[in-house]
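Here is a brief report on a predicted model.

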Amino acid sequence: MPTRREFLGALAAPAVARDRKPNIICITSDQQRSDEISCNGNRIVHTPNLDRMAREGASFRNAFVQFPVCLPSRVSMLTGRYPHAHRVASNEAKLPADEIVLPDLLRSEGYFLGATGTLEWDLAKHFHECDFTPAFRPKPAPELHEMDRLAVSAVFSAPEEQHWDVRSLRAAQRMLRTYPHPQFLSVNFQQPHRIIAPLERFAKKYDAQRISLPASYERGTAGRSESFRKEAKRRGLQDLTRAEVQTVLARRLASAEMLDSFVGELRSTIEKAGAAENTILVYQSDHGDYGGEFGCLDKSPTSLADALLKVPTIVWAPGRMAAKGSVDALVGEVDVLPTILELAGLPVPRTIQGRSLLPLVQRKMEAVHDAVFAETRSDLGTKMIRTLDWKLVLSRPGENEIYDLRRDPGETQN
């Protein structure tokens, strides 16, 4: 395998003429489930801008992350490689110096690199020579236990322009309007992560009493692995009442609609700049969240449940990709990077383990994977293989799981 220096040196000659290179904008939400947008089947939430993106592009409704924790997942997004390959297995890890990230590939093609939001303090510090321009760098979130009741019903009632995600949005809009093209912008929002409250005008739209809880809510952690039960107890994942859980889920839908409105504002900025036909826009999340499954909220680093792995993934590139709408084939977050490179007309390095999703959009293939893979907690050795019909989870303590997803989509009967 070539060293990082040798690899980047080989990329000195741009592959695509500058005036033909598209802007690339990757929007990443924090801890958002696939079913928290309406085009993926949610009948309560209002997300018209993401729905439009899906109609005009493609929404991959069976998209799975490869590690249900922020930093390892985001590194998989930006390397197109599995966590055991890029070796980032916790939020405290550092990206090895020989790993090639998307900014490396685009810098050699003359791209301006910009980042807003959580990437700056949660991820970019782990990169090497990334050369991002930090348009907005929020301070770390306040130290507040994520299950603390103070956070349950929180809304942001201060002036909207002070909200961290609004500030990230405004920074992205400024870069789109003022910085040279082609651009790669990494736009990172902190919603719907629950210690960051949604704007009050969105929170008012969602009545907590209308929120239904999953069938497994009443079962609690009964029948789950010992590691999961211990983790749920340690982190207080089950400390809230039913009404409080409903309130949290209502706030999450409010956050989803808020993020959707931000997507609409970004698209408007792109269109006013006359750049819509030469822009690749991707919307995704770093991992999901328990929405009351097994009586739990939040995430668990010991679990590989679909609630934590299945995320929204939408690609929109009107000048380069025909409209497809919903795609039900299995895809992984490692597939997004090669898809972006192919759409941009750039070569896909052999080190990338994901596969371009364009054959699914172009109807040349019905599937690019027979199965998707995920892993977590290297000390437990927990790994998953999932097809459309079955899921198998193996862990070093022998707490293995297998689910018939056609009969048991909620993963309640091992």
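## A covered strand and an open pocket

Strand S3, residues 112-117, is mostly covered: six of its six residues are buried. S3 runs parallel to strand S5, residues 183-192, and six bridges join the two. One of the paired positions is Gly 117, whose bridge partner in S5 is Asn 188.

Now the pocket. The largest pocket has a volume of about 1,100 Å³. Its lining counts 34 residues. Nearest the centre lie Arg 33, Ser 34, Asp 35, Glu 293 and Ala 307. By class, the lining of the largest pocket has twelve nonpolar, nine polar and 13 charged residues.

Which elements each supply at least two residues of this lining? They are strand S2 (58-64), helix H10 (242-272) and helix H11 (306-309). H10 gives the largest share, three residues.

Next, the cysteines. How many disulfides does a search of the whole structure find? It finds zero.

| Residue | Relative accessible area | State |
|---|---|---|
| Cys 39 | 16% | buried |
| Cys 296 | 0% | buried |

Why does Cys 39 count as buried? The cut-off for buried is under 20% relative accessible area. Cys 39 has 16%, so it falls within that class. Cys 296 is buried too, because its value is 0%.

Key: Residues numbered from 1 in each chain as written. Predicted model: local features only at pLDDT ≥ 70, side-chain atom pairs only at ≥ 80, totals over all residues. Heavy atoms only, no water. 1 Å grid on protein atoms, 1.4 Å probe; cavity = no way out; pocket = protein on both sides within 12 Å on 5 of 7 lines; lining within 4 Å. Points joined across faces, edges and corners; volume = space filled by probe spheres on them. Helix = DSSP H or I, 4+ residues; strand = E, 2+ residues; numbered from the N terminus. Nonpolar A, V, L, I, M, F, W, Y, C, P; charged D, E, K, R; others polar. Buried < 20%, exposed > 50% of the residue type's maximum accessible area, 1.4 Å probe, protein only. Pairing = 2+ DSSP bridges. Disulfide = S-S within 2.5 Å.
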